[in-house]
Structures are given as C-alpha cells and as structure tokens.
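Dear colleague,

I am passing on the structure below, and after it you will find my notes on what was found. Please read them with the model open beside you.

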Amino acid sequence: MKEYNFTVNLGGMMDLLSNHLYSTPKVFLRELLQNSADAVMLRKAHGMDEEPRIDITIEENRSLTFRDNGSGLTEEEIHKFISVIGQSLKRNNRENISFIGKFGIGMLSCFMVTSEIILRTRSYNEPDKVFEWHGSTSGKYTVEEIESDMPVGTEIVISASEKYAPYFTFTEILSAVRYYALPMSFPIYVTSGTFSARANPLFNKISANERENVLTMGRQIFGTDFDFIDYIPLESEKGLFSGVAYILPFTVSAASVRSHRIYLKSILLTEDGSQILPNWAFFIQCFFNTDRLSANAARENFYRNELLLEAEAEIEHCISSYLERISIRNPALLAKIVSIHGNALKSVAAENERLFRIFMPYFNFESSFGIRSGKTLMHYDYTIFYTTDADTFRQLKPVFCEKDELLVNASQIYIRELITMLDELGIAHTEAVSETLLDTFLEEPPDAGDYDYLCDIASIALEKYDCSVRIKSIIPAQLTSLYTLNTDGQLKRDIENSKKKSDGMFDEMLDAFSEELTADSSAVLYLNAENPLIMKLADTDDPDKIEVCANIIYIQALIAGGFPVDATDLFMMNENLIKLIEWGL
C-alpha cells in the first residue's frame, strides 16, 4: 500500500488549531457536521432521491463513527480536499451552492482528540468504488479501494485519545451535536448501544398563536429554569436571518454578557451577539440562523462586511418594531419589561430618539408633586424644572410644591439626560434650577429694605465661608433659610477642606486650583422673610447677636441641605448656641 505525506506540517497545524483557532476540542464535531452538511447540499443539487441524514454511533469512552449520505468523495477528491489544507469543494462549485467549511481543516481538526482517523467513502460520481483513507498524526496517510456495501456517502471513524475519552459518551456527544446543529433541516441521530435519540428535533415556524410553544422552546435551547417574559420574532425581510429573541425576566446590566445561539447555515457559529445585535439589546437572549452571512477565518464569528451591517440594521428594526407594537397593543407587558430593566433602558433611551419615545412614558420620576410618569411629563404644558443634586431637591421640594411648580429630582443616573431630551425633541420645556434661576424664582418681600442691615451683618459673618446672605419670601414659612452652592463653589469648599487636612503639604497646588475657579464661585444663604425667627432678627440692631444667629442658621442650613459638615463647623455652632444661652435668648 502506498503511503503519502500531508501537504502541511501537521504538528504545526495541530498547534494552530488547538491553541489559536479553536476554543475547545469539542469543535471537531462542528467541523464534521459542517462537512456533512456541505456534502448533503452538493448531492441534493444533483437530485438526491432519499432523505438526507447523519448518524453518529458511540462506543462509550472509546470511539465515534460519523456517517452521512451526502455526495461522498472520489480518490482524486480525497487527495485534493482531505489531504491538502485549504482546498475546498466550493472551488469546483459550478452550481453556486453555499458551503459552510473547508474539508481539509475540518477533517484535520479531529486530530485534536485522536491520533488516527479512518474515512470510508462512496461518491455519487463513482458509485461502483469505495475508498478507505487512513490518516495519522505522524503526517502520513494512505488511500486504497476496498470491498464494501456501504451506500453513497461518507463514514468517519475516530478512536479517542486517552485525554479526550470522557468526551466520547452518548450524553456528551448528544449535547454537543444539539448545541452545534439544532436548526439543521435534516435529522441527526446519536446512538450508543440500545440508546438512540434525534439530536435536532424539528421546530415549527413561529407564529403569533404559538407563544407558549416558542417560550418552551427557548427554555429548552438555553437550558433555563425560568420563564422568559416574551419573545420577539426575528424575521428578515431580505431573508438574511430567521429566529427568536427572548426577553429576560430579571435585571441585567448594560455591560452584562449573554450567551446566545447564533447559527450559520444551521451550524453554531458563536454565542457572542455583540457583532450583530444592537448594543442596547442587553435584555434579550437570541436564537437565530442565517444562510447568507459569512464567517471569519476561525468560523467562530461573522466576517464584517456590508451584508452584516444590513443584518444588524434589520435585527435592530425587528426589536424596535416589537417594542412599538406592544406599547400600543399590550402596554401592561411593556410596563412589566420597563419595571424589570428600567435602569438599563434609561441609558439607551437617553441616546436613541426612537427608544426614548417608546420607553419614556413608562419611566417614573420623583418630583415636587410626588412620583410622576414619563407620560405625564411628556404632556406637561408648563416648565419642568429639575436639579441634579438630591439634597437641593429635598430642600426645594416644599417650595416648588407650594408654588404649584413641577421640580424633578434628576440626581440619579440618566434622569437629567431624559429630562433634557424632552426639550431637545420639542416635547416639553425644561430648565435646570441654578442659583440665578432660584434667585429670580423666589419672591422679594415687599419690605425687603427692612432686612438690609440683617443681610449686611450676616454676610460679613459668613464671609469666611464665601457665603453671601439675601432675603426672600419663601413658602412654607416654617423654612428658616435655603442654602445654595454652585459647582465652582462646591469645588472651592472641597479645596478648603482638603487644605485643612493636608498639613500645608499641598497648599500651593490647591491654591492654584482655587485661583482657576470663576469669580461667582460662592454660596448664597437665603433668609426667609416669612419666618418668625428671621423677622425677629430683622428687628435686632446688635451686630454680635446677628453674627451668632447667622452662624447657627448657616450650619443648620448645611445640615438640612445634606451638605458636608465637619467637626470645626459643629464646634462653631455649639459655641454660638452657648452664647445665646448666656445672653438669655
């Protein structure tokens, strides 16, 4: 028997396959499935008169026999396609059939789990001949014609190496084949002794009245112990893909990684959906097949081209259209989806106008009127005020409520972006509450001049805090004062606190930062002209008493507003309270 050499460094190829090209040795099954699918397609193109099928027989922990009734190979094709890496039947593909893989690499991937491969084949082009090919990791192979009654097709026998023997069991092979070739249109049977099962049960075409069946199918595909909320049909108008997107019933982050089942020509390509699914669709888990896209060199993801971009756009359209439909036909279902995935959905709605219009009505916002829905805000006819500081919101909430003005707490992530999008899209007018706005928003008391002395002395007392004092009429009257601090003012206060803790080591650098701040980087303490204590202070002409009270009111305003208060501030307030007691006030 004549012995031949592979036209490749087999040892180097095995290193490439094992360590660089394939993520798991089990992938040899995928390669065999791909080759068989190609062979079946080729034979069908020439008028196959029997049902295509693949049969896999297991000898537990020892060997695997892989049979198909595809086109088979002639002796010339064995030398050309099995023993030369990179050659493919598609090179002689005059029928323009879309093949999945290359026979050479696919067959040789089996050497990752065995030291010897036996292939027997009868070609539909030469049905009177059967050839047997033996290949080994030594880099040698033989081919001979044999006597056999095998039908047209190919049979591959693989004996497991000791390391990979645990893979060669009925359970492992059935699971792997089902994982790799679930949507295959023709049957694949796995047999071990008396046990036999079809690895790829047929699925009916998805339709609106099959909801429970489709959801059950999802649980089986992904092996989950939970029920999906709903499913989204993924049907390409251009015929690029077909499948289902399942909506997860639990909260996930936008950065979470989901395990999908994405098939190319009915063979698993990848679990990674990042290359074809929209980046905002993190709340779904997908199962779909495509016949028209192309794989990359490792056949573990898609080759990026114009057709892939078209598929991406169509998938995004399928998901967005579903969300728009249920917002009209089943708003309760969309509300449930938002209640589970709300925080993450806010992030995508803040960047996508179409999704904003879908989800915004279902988001809830904390406001001076209580919790209000996005739908309410979208139909609000007056200015929507907002603040990005939670403590400022808490301070101003009663003021805005008394004035019947809507103030939204936009301190949580993405809320500000959603509120400002209302303005950007011309849906509602919004305005941030700034120190300048608050100054004009709060009313001047009719007798403001009577408070000038109080404000002047209090401003001098609080000058050390870069805080000026103004008089306003504030409702409710129980509120003694309001403290506001702009961004630069807060930074300046933080710099001063840092200087106190740095023992002078970084004073020069901190002073340099402070000099870059704007001139108006100061705080304002608004005294309430409606409050009895402020009224009584206005009648006092003793500057010492005003200074003591101003210091106390200032610290109380910091505490009420949730601003940081250090030990020095508390000590100062206690000292001034003692003075009031000593004065009998």
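Predicted model: local features only at pLDDT ≥ 70, side-chain atom pairs only at ≥ 80, totals over all residues.

**What was found**

Ile-56 is buried, with a relative accessible area of 0%, where buried means under 20% relative accessible area, exposed means over 50%, and partly exposed lies in between, with a 1.4 Å probe and protein chains only as cover. This residue, Ile-56, belongs to strand S2 (residues 54-59), and helices (H or I, at least four residues) and strands (E, at least two) are DSSP runs that are numbered from the N terminus.

Residues are numbered from 1 along each chain as its sequence is written, and side-chain values use heavy atoms, with hydrogens and water left out.

Strand S8 (residues 188-192) and strand S9 (residues 195-198) run antiparallel and are joined by four bridges; two strands pair if DSSP finds at least two bridges between them. Within this pair, Val-190 stands opposite Ala-197 in S9. The two strands form a hairpin with two residues between them, and Gly-193 in the turn has a positive phi of about 60 degrees.

The count of salt bridges comes to 18, a salt bridge being a side-chain nitrogen of Lys or Arg within 4 Å of a carboxyl oxygen of Asp or Glu. One of them joins Arg-211 to Asp-230, with the closest N and O atoms 3.0 Å apart. Because Arg-211 lies in helix H6 (residues 211-222) and Asp-230 in strand S10 (residues 230-235), the pair ties together parts that are 19 residues apart in sequence. Arg-211 is partly exposed at 32% relative accessible area, whereas Asp-230 counts as buried at 7%.

Another salt bridge is formed by Glu-310 and Lys-238, whose closest N and O atoms are 3.2 Å apart. Glu-310 lies in helix H7 (residues 306-329) and Lys-238 in the loop between S10 and strand S11 (242-247), so this pair ties together parts that are 72 residues apart in sequence. Glu-310 is partly exposed, with a relative accessible area of 33%, and Lys-238 also counts as partly exposed, at 49%.
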